[in-house]
Every structure is written in structure tokens, then in C-alpha cells.
Amino acid sequence: MEILNLMKKKASNLHENKIPTIAFLGDSVTQGCFELYMKRKDEFETEYKSEYAYHNCLKKILSLLYPEVPVNIVNAGISGDNSSGGVARLERDVISHNPDLTVVCYGLNDASSDKGRLEVYKDNLRTIFNRLKECGSEVIFMTANMMNTYVSNRLENERIIETAKRTMRLQNEGVLASYFEAAKEVASECGVEVCDVYSKWEKLSDNGVNITELFANYINHPKKEMHWLFAYSLIETMMK
């Protein structure tokens, strides 16, 4: 991808070549959300630990590979956001920073509406992909992680348990998978590279890994160690 050519050019001549900018557009996983708890009676709150999020993991890998090259990181992930939110704030939060590469990761919250939102999701991704390309940014669509496959007995709050029941159904009935399949079709249509992290989570599950135990909230926020899977997968995609 061109982003790596920019890295190489910058490494070869620090004075004359621009500092590369990579933007990330997505939801709570992109933002760097981990544990979940009840802030008030009817309000969820999460632990924000952006230093462990995959955008920072990727920056650490790039710093290892290209130690001379600084990289601007724009993290435009927002907890609870979906693809419609991404369209609404694309100009302000991403395009205004003139990114050389934008990583888009939506699906977890769109799928919460069951399959009734699938066409809206696809239209939103088309809009995001095409607008980013028009502005000169390379684009990677990254599928997200799986969600819980059962309700963990570590959960105690009834509201959180109800949330876990809903996400378990979306996972086990293939709703989330159908969103990512649709997203990959739109990415192919728009000429956008796909970093398919979801399929790697599926392979873990197929090999007997307890997926639910890999979440900090036992629902859908991967533990900090699992963010390295996203980062390494992005490097693989960038080096295709």
C-alpha cells in the first residue's frame, strides 16, 4: 500500500518528505474501551484505556519497523457509534486531518438492530469509502472481533446481563457475521482493502478458545492483549 511507500520515503529523507497520517474511524473498540460498569441506575460506563488500543499497538509496531519515522495518529473511535455516526462526522473527525490512510471499523453496533439495518449499513460504508477515496486517503475496512458466545457467570448487574444475552444471540445466530460479509462485499465493490480480523477470531473459536473470556467486559470489548491481533493484522494488510 502507498502508506508504506510514504514511510520509506520519509525514512530516506526526513527533511523533504511529509509525516504520514493514519486515521481510525469506528466504535468503542477503536476508541479503546475495556471494562463495563453501571455509572448510574440506567447508564453504562466503560473504562477508557486508549494507550492499549490497537491504534497505539500499530504505532508501536511501525516505530519498530521504521524507527526514524514519526506517524500522526488520529483516533476517531467513539463508544456506541455506528456507521451512520461515521458518515455524520467523517468530514470533521477524519477528512479535516488529511489522512494518508484511514482504517474503518464498524459493525458491532450496527448489528445490534438485527438484520433490519443491513442495507443502511452498506449504504453508509459506501458513502464513507467513496468520500475518503475522493479526498485522497487510502482505505482499509477492518472487520471487528466476535462477541460473547454465552453469558458469563462473572456478570452480576441485571442490565449488563440483559445486554450480554442480546449480543450472545447476535453472535450465535450469525447476525454479526452477516454484517461483516456484507461489508466485505461493499469494500470489494469500492476497491477497498479488507483486514479480516473477524475470521481470525472465528479460527480461535474453532480451535477451542473460550472467546467470551477474551473480553474485558465479557461481552464485546477485547482485553488489551487482543488488540495486538488487530495491529498485526493491519500490518499484514498494509504489506500485501
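This report describes the sheet, the helices packed on and around it, and a few individual residues of a predicted model.

## The sheet

The model contains an open sheet of five strands, which follow one another in the order β4-β1-β5-β6-β7 and pair in the parallel sense. Strands β4 (72–77) and β7 (193–196) stand at the edges with a single partner strand each, so one side of each has no neighbour in the sheet. From one strand to the next the twist averages 20°.

The pairing can be followed strand by strand. β1 and β4 are joined in the parallel sense over six bridges, and β1 and β5 are joined, also in the parallel sense, over five bridges.

Helix α9 (residues 227–238) lies across β1, β5, β6 and β7, and runs at about 140° to β6.

## Helix α4 against helix α5

Helix α4 (residues 83–93) packs with helix α5 (residues 118–134) at an angle of about 25°, and the two axes are 8 Å apart. This angle falls under 35 degrees, and α4 and α5 are therefore roughly parallel to each other. Their crossing is left-handed.

On the α4 side, the residues that take part are Ser83, Ser84, Gly86, Val87, Leu90 and Glu91, and they meet Val120, Tyr121, Asn124, Thr127, Ile128, Arg131 and Leu132 of α5. By class, the residues of this contact divide into six nonpolar, five polar and two charged.

## Helix α8 against helix α9

The axes of helix α8 (residues 197–206) and helix α9 come within 10 Å and cross at roughly 125°, and the two helices are therefore oblique to each other. The crossing of α8 with α9 is right-handed. Val197, Lys200 and Trp201 of α8 make the contact with Leu229, Phe230, Ser233 and Glu236 of α9; the classes represented are four nonpolar, one polar and two charged residues.

Histidine 227 lies in helix α9 and counts as buried, with a relative accessibility of 0%. When residues up to four places away in sequence are not counted, histidine 227 touches Val29, Phe34, Tyr52, Ala53, Tyr54, Cys57 and Pro222. Histidine 227 and glycine 32 are separated by 195 residues in sequence, whereas the distance in space, C-alpha to C-alpha, is 9.2 Å.

Threonine 237 is also found in helix α9, and with a relative accessible area of 4% threonine 237 is buried. Leaving aside neighbours within four places in sequence, the contacts of threonine 237 are with Met1, Ile140, Glu193, Val194 and Cys195.

## Loop residues with positive phi

Asparagine 98, in the loop between α4 and β5, has a phi near 50°, which is a positive value in a residue other than glycine. Asparagine 98 is exposed, with a relative accessible area of 55%.

Aspartate 114, in the loop between β5 and α5, has a positive phi of about 65° although it is not a glycine. With a relative accessible area of 27%, aspartate 114 is partly exposed.

How values were computed:
Residues numbered from 1 in each chain as written. Predicted model: local features only at pLDDT ≥ 70, side-chain atom pairs only at ≥ 80, totals over all residues. Heavy atoms only, no water. Axes fitted to C-alpha atoms, helices over the stretch in contact; angles between N-to-C directions. Helix = DSSP H or I, 4+ residues; strand = E, 2+ residues; numbered from the N terminus. Parallel < 35°, antiparallel > 145°, perpendicular 65-115°, else oblique. Left-handed = near helix turned anticlockwise from the far one by under 90°. Contact = heavy atoms within 4.5 Å. Nonpolar A, V, L, I, M, F, W, Y, C, P; charged D, E, K, R; others polar. Pairing = 2+ DSSP bridges. Buried < 20%, exposed > 50% of the residue type's maximum accessible area, 1.4 Å probe, protein only.
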